[in-house]
Amino acid sequence: MNPSEIERITNILPCLSTVSHHDWHHAELVSVDPFTPHRIQEGHMLQHAMFMVKGSVRIHKISEQGREITLYRVQGGQSCVLMMASILGDSEYEATASIEVESEVLLIPVGLFKEWMDHYKPLRQFIYQQFVQRITAVTNLLEDIAFKPINYRLSHFLYTNTKDDLTVLKITHEQLSIELGTAREVISRMLKDFQNQGILSLSRGSIRLIDRLALEKIIQQYRS
C-alpha cells in the first residue's frame, strides 16, 4: 500500500496512525457496492479484519423463518464489533453483513490484525471503545423491542430520520419492518393509522410527514 493511501486511511481511522509503514504491506483497500456478489453471512469464519473507510454496511440477524432485524450500521471510520469478536475469539461470525452503498473497506489478514492488536495501543483502545458503543446501542434496541410499543418505535424512527425541511422518507413497509424487527403487516397497519390521523401520507416506496409535532408527542409520552 502506498504512503498516500495510508495517510488517507489514517486520517479517517486515527487508531491506525501509529502502525509502521512496514506493517501495512499485507493490508488491502478494496471497493465494494451493493451489487458485489460476496457478502458475509452468519457462520462465516473471517479471514480478514475489516475497517470501513467510506460507505455503509448493514449488520443484521436473520431468523429461521426469514425475518430480519437491523442491529447497527458500520460507516466510515468504524469497524464491526461482531467481526472483531469473532476474530479475537476464533469463532464463527454471528450476523450477516450487507453492503448498502458504494464503499471502501480496509482488509487486514487475521494474523496481521492480531499482531497489530498486540503491538499498537491506540488500535486496542479503538476496538474496546467500539465494543462499548455497539453493546449500548444493541442493548437499547433490545429494550425498545421488549418494552416499547410499536407506535413509539415507529414514531421515533420516522422522527429521527427526517427533518423539518426534509419530510419525505424513501422507504418501503418491508424495509421499515426490518429496521424495527417486526412484521410488515404490523408496520402497514400502524402507518395507515398514522395516515388516518393526518400525521403522514403514504405513497409507493415513500412516506411524507405532515405533522412532526404529533410524532414528538408520541415519543414524549413513552419517555415520561
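The charged end of Arg212 lies over the ring of Tyr159, at 4.2 Å from the ring centre. The model is predicted. Across the whole structure, the search for aromatic pairs returns three. One aromatic cluster is made up of Phe51, Phe113 and Phe126.

Strands β7, β8 and β9 were examined next. The three strands form an open sheet in the order β7-β9-β8, with antiparallel pairing. Strand β7 covers residues 168-169 and β8 covers 200-203; both stand at the edges. Each has a single partner strand, so one side of each is left without a neighbour in the sheet. Strand β9 spans residues 206-209. Two bridges link β9 to β7 in the antiparallel sense. Within the sheet, Leu169 stands opposite Ile207 of β9.

Helix α7 runs over residues 184-196 and contains Gln195. This glutamine is partly exposed, with a relative accessibility of 24%. Leaving aside residues up to four places away in sequence, Gln195 touches Leu200, Ser201 and Leu202. Strand β8, at residues 200-203, is an edge strand of the sheet. Gln195 and Leu209 are separated by 14 residues in sequence, and their C-alpha atoms are 9.3 Å apart.

Asn11 is exposed, at 58% relative accessibility. Its C-alpha atom is 9.6 Å from that of Val53. Along the chain, Asn11 and Val53 are 42 residues apart.

The cysteines were then considered. A disulfide is a covalent bond between the sulfur atoms of two cysteines. The whole structure contains zero disulfides. Cys15 takes part in none, and the nearest cysteine sulfur, in Cys80, is 15 Å away. Cys15 counts as buried because its relative accessibility is 7%. Cys80 is likewise buried, at 2%.

Definitions and conventions
Residues are numbered from 1 along each chain as its sequence is written. This is a predicted model: local features need pLDDT of at least 70, side-chain atom pairs count only at pLDDT 80 or more; totals for chains, interfaces and linings use all residues. Side-chain values use heavy atoms; hydrogens and water are left out. Rings of Phe, Tyr and Trp (its six-membered ring) pair if their centres lie within 6.5 Å; planes under 30 degrees apart count as stacked, over 60 as edge-to-face and the rest as tilted. A charge sits over a ring if NZ of Lys or CZ of Arg is within 6 Å of the ring centre and within 35 degrees of the ring normal. Two strands pair if DSSP finds at least two bridges between them. Helices (H or I, at least four residues) and strands (E, at least two) are DSSP runs, numbered from the N terminus. Buried means under 20% relative accessible area, exposed over 50%, partly exposed in between (1.4 Å probe, protein chains only). Contact means heavy atoms within 4.5 Å. A disulfide is a pair of cysteine sulfur atoms within 2.5 Å.
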